[in-house]
Amino acid sequence: MDQETVRTICYLARLQIDDKKAQKIESDLETIIEMIGGLQKFDTENVQPLYSPLEKTAFMHEDIESSDNQKEKFLQNAAASNEDYFLVPRVVE
Amino acid sequence: MSGIPLAQKDLFCTEGLRTTCSSKILSNFIPPYTATAVMKLESAGSITIGKTNMDEFAMGSSNETSYFGNVHNPWKKGYVPGGSSGGSAAAVAAGIVPAATGTDTGGSIRQPAAHCGITGIKPTYGRVSRWGMIAFASSLDQAGPLARSAEDCAILLNEMSGHDSKDTTSLDIESTDLLHTINQPIKGLKIGIVKEFSLGDLDSEVQNRFEDSKKLYETLGAEFVEISLPNISASVPTYYSIAPAECSSNLSRFDGVRFGHRAENTGDLNDLYIKSRSEGFGDEVKRRILIGTYALSAGYYDAYYKKAQQVRRLIKNDFELAFESIDLIMTPTSPGTAFAFGSKGAQNPIELYLEDLFTISSNLAGLPAISIPHGKVNSMPAGLQLIGNFLREDQILNAAHIFQQNSAFHLDKPSMEEF
């Protein structure tokens, strides 16, 4: 796990790591990745991945129209909003 | 449950009541709705009297990752209560509430229950709705109760369970009355002991408690059988590939836009995301997001994430085979007892991850498991875990109840003199 890989992962996860903590994070990640790497010794040829313990398809809701507009309630938690929208810095110049 | 006061882990959304997941990023979040599990308990007449501290986003086994500070173990000040449902376990052990809710992704109900000397059950995946629970690892998370006895857990679980159309992984099954099926004789009950867990390597006092409990069950008519779960040693690495991967995906919603902490003095939108997330998440959460991002990234997906899901199937197959000849599995809940703040995991995070050695596999396989107190090790409570077959909460609750009818460990309370 080199510094460049850590920088790339941080960017993908939209996280910034303090310079002071970078070395510790790097070594922690390396330790954990090494531990996970231990899985390679298990023979999984022709074994299907188990993504959920239930292995059932999610059920479908009935296709019934409903109107439950709770816009005001949901906008209340935003740091910045107007009457209709969440506000963010301008994305189009 | 009329009038019964309950505490809710601060991971369940409660309408109009701040829900933080013990994170700075949600420190100002007031949910516009209530989680189904909480709503069901309140509909049954219980009263929510407060929310409980926890490891940040349920990521931890000691409650030391909370943004709001550590929870002390009621049995000893300066000692961890376990985690991540540490606040719920401590509140029940201290007698503040008779019961509380928790969630369990890799042991987060059972391990704190063990460290605080109370009873806690992780139900079968899908028995309790996850709607309104702030997600950590969606294929592993499951809500359940922490209480003083298996009987109290059965009362709460009866109310929390049931199909919920708002959770696509909620099981649509006929409801069973778990109170009705406890107090049955356990003569002939077949209990498996996992040979790969090498219990002989544990602290001798932990082994002694385990042997004492085994003897008690034998005198009550249970039979012990050695079983093999050949892939069980893969549980910890499998979990630490899958759980962070799911966490990195689930926690991508926290970006400072629609709810939660937003950083000030940001530049463009990307900068807003990065600064809000970097200020809002603590170190352990960041570590797990980064591991998960790595495991899911191009070039590594097959080697880490897919591989772990394949090994997960091997683990589940091992359990299925074992349950053909036994009724339940018995292990210690945790390799040790509660430890002093800061004494584990500071240098190497894996040291703390091994706290969940015995609990993680039932989350990977989706099986129900309960922890009950079974005496002390060096004056701190120790937990006994019973793992049941799929949807057999009735069997583990019954076995736990019978144990508690023939012992007094669950009645033991901390003196609280230090507080």
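## The contact between the chains

Contact here means heavy atoms within 4.5 Å. This is a predicted model, in which local features need pLDDT of at least 70 and side-chain atom pairs count only at pLDDT 80 or more, while totals for chains, interfaces and linings use all residues. Side-chain values use heavy atoms, with hydrogens and water left out, residues are numbered from 1 along each chain as its sequence is written, and chains are lettered from A and ligands numbered from 1 in the order in which they are written.

Chain B brings 74 residues to the contact and chain A brings 51 residues. The buried area (the accessible area, with a 1.4 Å probe, that two parts lose on being put together, summed over both) is about 5,500 Å² between chain B and chain A, and carbon and sulfur atoms give 69% of it. On the side of chain B, the residues that lose the most area to chain A are L290(B), K307(B) and R313(B), together 12% of what that side buries.

## Salt bridges across the contact

A salt bridge is a side-chain nitrogen of Lys or Arg within 4 Å of a carboxyl oxygen of Asp or Glu. Five salt bridges are counted between chain B and chain A, and K73(A) forms a salt bridge with E15(B), with the closest N and O atoms 3.2 Å apart. Salt bridges that share partners also join K24(A), D28(A), E284(B), R287(B) and R288(B) into one network.

## The nonpolar core

A nonpolar core is a set of buried Ala, Val, Leu, Ile, Met, Phe, Trp, Tyr and Cys residues joined through side-chain atoms within 4.5 Å, where buried means under 20% relative accessible area, exposed over 50% and partly exposed in between (1.4 Å probe, protein chains only). The largest nonpolar core has 113 residues, of which F57(B) and Y217(B) touch the most other members. Not counting residues up to four places away in sequence, F57(B) touches several residues, including C21(B), I25(B), F136(B), F254(B) and V285(B). A second, separate core of 12 residues includes A89(B), V92(B), I109(B) and A113(B).

## Salt bridges within the chains

Over all chains, the count comes to 23 salt bridges. E4(A) and R7(A) meet in one of 3.1 Å, N to O, and E4(A) is partly exposed at 47% relative accessibility.

In chain B, K344(B) and E355(B) form a salt bridge whose closest N and O atoms are 3.0 Å apart. K344(B), at 25% relative accessibility, is partly exposed, whereas E355(B), at 1%, is buried.
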